[in-house]
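Subject: Structure handover

Hello,

Here is the structure you are taking over, with the sequence beside it. Please open both before reading on, as the notes below follow the model from one part to the next.

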Amino acid sequence: MAFLDIKGVSKRFGGLMALNDVSLQVEQGEIFGLMGANGAGKTTLFSVIAGHVPPTAGEVIFDGTRLTGLSPSRICRRGLCRTFQIVRPFAGLTVAENLRVAALYGSARKLSETEIAQVVDDALEAVDLSDRRQLDAAQLTLSGQKRLEIARALATGAQLVMLDEVMAGLNPTEVSAMLDTLGRLRRERGLTFVIVEHVIGALMTLSDRILVLDHGERIAFGTPEEIGNHDRVAEVYFG
Amino acid sequence: MKNVSITLGLALAALGVAAPFTGSPYLMGIVFQLAMWIALAQSWSMLSATTGYLSLGHAVFYGVGAYVCVLLTGLIPFEFALIAAAAAAALFAALVGMPVLRVRGPYFVILTYGLSELVRHIVMRIESALGSFGRMLFDVPPIEVLLWWMVGLATLATLGAFVIRHSRFGAGLAAIREDEVAAETVGVPVARLKLLAFIASAAIPGAVGGLALLRTSYFEPAQAFDPVISFTIVTMALVGGTETVRGPILGALGFTLLSEFLWSSLPQLYMIVLGLTLITFILFVPRGLSGLVDSIKGAR
């Protein structure tokens, strides 16, 4: 049984079929890449999985339980958390307070104050923000805020983290630092990631398997090499 | 700063408890007003300062409390009538909270104001259909007793606001203020917390409305649901500063004294000063008196 099992998910916005019968299985501990041009349905798929948008058809099973119909906060407490492409920090709170909220509310059970402090420290450490903990989140650079998004998802204790373009807008040095961070998180914590990325190089490097969406439908699926050699993908991407 | 705030709070509470022993009705009257506005502004802050949902309709809870209290007076002891008033206001908040809290920003401000006005007109209609044009109350408790009750409510509201801000609940509300979608995503049950904050901020104003009614011993719907009550609460809280628990106290203190000062000489001027102060503070002192105190201390 797959860790995350998406069964025939469709989403219709009025006359637009944003997702059309998409199925995929993510195994525990893997990094699963989602590719596709703008409007392919990647972010909609994230929103459906995380509970922000109800699917028109299909269902999402995570770790053996059905997520479809649950609110995003409950889904988070079950161990699945997402980040946002356009970052959404709690701007007026400090970096540490951002993570504290996530630790207070995101975990499956109630943590003690000591445990919360530990979770916050760990999350800061994981994304290299320890020295910024007392800054207001608004004062972070974009790269810092992207890291905060990840740290906040980690602080919820999520076992599966969905990253929506965490590399967009970062310079090459920052991208390579981010790749290190994600690789380390997977190795050291056994986390599972589903990532959407426009930085194709990064996606190819990181992912174990990649699914390509186009206009809401899956057009290709396989390892990074297979995707790199796929005709349809080349057509969609490079015309 | 913390010690100064605690000292101020204790001094005010002591003043409230001691005022009746002076035997001065004038002093008791002022302290009653002061405690009333602290209780109201502090309750308002439980919702609006924490979540950023600015309620411009808190008069409705005050009015519901007053109405319930006038209906129950004579039937049960006044202490129970006050508790019923608080419960009724909280219940009303629970009933309307779900739909009202679906909108935010300016829409929430307008909606809460509109709701308060709607209830005011409904109660006015009911009362006139019953052929009553104001109800007199006889046998109300003496001012000393009412004053102590009001000081108790102000204390309760202040402690409540403090506890909320420093609790897990308060951390969730702060996340909601900053970004509701992100809050929900990291596990904060947004709809439930907002509703709880709304209910918490409604209860004490219900009891305050009941007490204020017993003090005037006269109920008239247009007065009990007067939107000026809502405006005053918001102005006091904003001018005092919404970032700290002492803010609403400073705001209530400032305006109560100002109103006493102006009432004797230029009563018409009071509302004008209220409005001008609000505008000035929003434009130039967004962190309110409380923030002003901090920056003066910081500059030294």
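Two strands count as paired if DSSP finds at least two bridges between them. In general, the strands of a sheet pair through backbone hydrogen bonds, either parallel or antiparallel. Please keep in mind that this is a predicted model.

The sheet in chain A

With that definition, four strands of chain A form an open sheet in the order β2-β1-β4-β5, and the pairing is antiparallel. β2 (16-26) and β5 (65-66) of chain A stand at the edges with a single partner strand each, so one side of each has no neighbour in the sheet.

β1(A) and β2(A) pair in the antiparallel sense over seven bridges. Within this pair, D5(A) stands opposite Q25(A) in β2(A). The two strands, β1(A) and β2(A), form a hairpin with two residues between them. In that turn, G14(A) has a positive phi of about 60 degrees.

Strand β1 (residues 4-13) of chain A also pairs with strand β4 (residues 57-62) of chain A, again antiparallel, over five bridges. Which residue of β4(A) is the bridge partner of L4(A)? The partner is F62(A).

Helix α1 (residues 42-50) of chain A lies across β1, β2 and β4 of chain A, and runs at about 65 degrees to β2(A).

Chain A as a whole

Chain A has nine helices and 10 strands. Its radius of gyration is 17 Å, close to the 18 Å that the globule rule gives for 239 residues, so chain A is as compact as a globular protein of that length. The C-alpha trace of chain A spans about 50 × 40 × 35 Å along its principal axes. Of the 239 residues in chain A, 48% are buried. Among the contacts in chain A with a separation of 6 or more, 66% are between residues 24 or more positions apart.

One loop residue

Where does Q139(A) lie? The residue is in the loop between α4 (113-126) and α5 (142-155) of chain A. Q139(A) has 13 C-beta neighbours inside 10 Å, so it counts as partly exposed. A91(A) is 48 residues away from Q139(A) along the chain, yet the C-alpha atoms of the two are separated by 8.1 Å.

The nonpolar core

The largest nonpolar core has 172 residues, and the members that touch the most others are A151(A), A39(B), A89(B) and M150(B). Take A89(B) as an example. Beyond its neighbours within four places in sequence, A89(B) is in contact with residues including F61(B), V64(B), A202(B) and P205(B).

Where the chains meet

How many residues of chain B are in contact with chain A? There are 16, and they touch 21 residues of chain A. On the chain B side, the elements that give two or more residues are α7 (168-178) and α8 (180-185) of chain B. The largest share, six residues, comes from α7(B). By class, this side of chain B has nine nonpolar, three polar and four charged residues.

Regards

Notes. Residues numbered from 1 in each chain as written. Chains lettered and ligands numbered in written order. Predicted model: local features only at pLDDT ≥ 70, side-chain atom pairs only at ≥ 80, totals over all residues. Contact = placed C-beta atoms within 7 Å. Nonpolar A, V, L, I, M, F, W, Y, C, P; charged D, E, K, R; others polar. Axes fitted to C-alpha atoms, helices over the stretch in contact; angles between N-to-C directions. Rg over C-alpha atoms; globule rule 2.2 N^0.38 Å. Buried ≥ 20, exposed ≤ 12 C-beta atoms within 10 Å, placed from the backbone. Core = buried A, V, L, I, M, F, W, Y, C linked by C-beta atoms within 7 Å.
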